[in-house]
Amino acid sequence: MIIVLKPGATQGEVDEVDGKIRSFGLSSHISRGVERTIIGAIGDERKMDAEAFEGMECVEKVLRILKPYKLVSRDFQKEDTVVTVLGQKVGGDTIALFAGPCSVEGRDMMVGIAERVAAAGATFLRGGAFKPRTSPYAFQGLGEEGLRYLAEARAATGLPVATELMDPRDIDVVMKYADVIQIGARNMQNFRLLTEVGKLDKPVILKRGMSATIVEWLMSAEYIASQGNRQIILCERGVRTFETETRNTFDVSAIPVVKGLSHLPVIADPSHAAGKVGLVAPLAAAAIAAGADGLMIEVHDRPEKALSDGPQSLKPDAFRDVVARLTKIASAVGRRVGNA
Ligand code: PEP
Ligand code: MN
């Protein structure tokens, strides 16, 4: 439920509404605009009686949000959320460019790729130190050692780093090094993990689960937001369909749909959607044309030797060429790509 106060409502009146919301066992989110203060009631609304607020002198109107997700919905916040990390933005005129290897494999490899992608215009580095692998025998990531190399890559380039968190037990170590926490597709509905990440003061990339509907994805974002963390970036990375020519099916329609339903920034990961290097550029172009706020692209200096996702990883030169090609598409929709 959203309670819109009359212009000029006093702090005392705001407190009164806030107190009433709490008396129903819900919590409130107060948003002060230039003209009006809007108070969102968060929690189980069935416990709350709209008439109790409609009768208050300071209340202009009471709106029920019928969608199951509230804090992340456009009904709750009209303006786009822009997430800023170490001066780099996700949302707004610049298309954020997250680039780097699937897995951090070593120091020289990570720092070397970071320098190349930074020179090509990347605005964030990516690299996994905790890897969610289908096989328990496949490379599982370097853990903290990998996080240290990411920090060295950040020091070398000045770019913030995004890395996956798979388990609440790793929160402390990941928090020590990461600037953005990635929740992978396989964990999109790991509700305990989402709840813990919601308590952190750190931006989160929430990847769409490979079989998740858009509403399920937004409900997962709501888990994070409901705990207080509103710095959420949604990432479309393809969904499973009957098609086998691509690793996943890139759901380009999800981008405008989610931007209509939610104020959160939406980025796209053409690498995991495609599974093949040759498809990364066209899918990235489609994402930008459809209104994506950023891209996440896997880059490896020796893809044929990569310990994970080699077939979909661009070499640094190819990444630079893709970024150059995207620049024109971005300008056609009034935006620019990364630092290119
Ligand atoms: C990744 O980014 O390397 C990854 C594992 O992605 P996803 O969770 O989208 O499969
Ligand atoms: Mn990968």
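How far does a polar side-chain atom of K207 lie from an oxygen atom of ligand 1? In this predicted model, the distance is 2.9 Å.

R126 places a polar side-chain atom 2.7 Å from an oxygen atom of ligand 1. For H272, an N or O atom of the side chain is 3.1 Å from an oxygen atom of ligand 1. On its own, ligand 1 has 290 Å² of accessible area, and the protein covers 97% of that area. The ligand also has a place among the pockets of the model. The space that ligand 1 takes is the second largest pocket.

A separate part of the chain was examined through V4. This residue belongs to strand β1, which spans residues 2–5. V4 has a relative accessibility of 7%. It counts as buried because this value is under the 20% cut-off.

Contacts of V4 were then listed, leaving aside its neighbours within four places in sequence. V4 touches R36, T37 and I38, among others. The list also includes V59, E60, K61 and L63. V333 was compared with V4 by position. In sequence, 329 residues separate V4 and V333. In space, the two lie 34 Å apart, C-alpha to C-alpha.

Methods. Residues are numbered from 1 along each chain as its sequence is written. Chains are lettered from A and ligands numbered from 1 in the order in which they are written. This is a predicted model: local features need pLDDT of at least 70, side-chain atom pairs count only at pLDDT 80 or more; totals for chains, interfaces and linings use all residues. Side-chain values use heavy atoms; hydrogens and water are left out. Helices (H or I, at least four residues) and strands (E, at least two) are DSSP runs, numbered from the N terminus. Buried means under 20% relative accessible area, exposed over 50%, partly exposed in between (1.4 Å probe, protein chains only). Contact means heavy atoms within 4.5 Å. A polar contact is a pair of N or O atoms within 3.5 Å; within protein, one must be able to donate a hydrogen and the other to accept it, and residues adjacent in sequence count only if both atoms are side-chain atoms. Accessible areas come from the Shrake-Rupley method with a 1.4 Å probe; for residues, only the protein chains shown count as cover. On a 1 Å grid over the protein atoms alone, a cavity is a set of points where a 1.4 Å probe fits but cannot get out, and a pocket is an open set with protein on both sides within 12 Å along at least five of seven lines; lining residues have an atom within 4 Å of a point. A molecule sits in a cavity or pocket if more than half of its atoms lie within 2 Å of its grid points.
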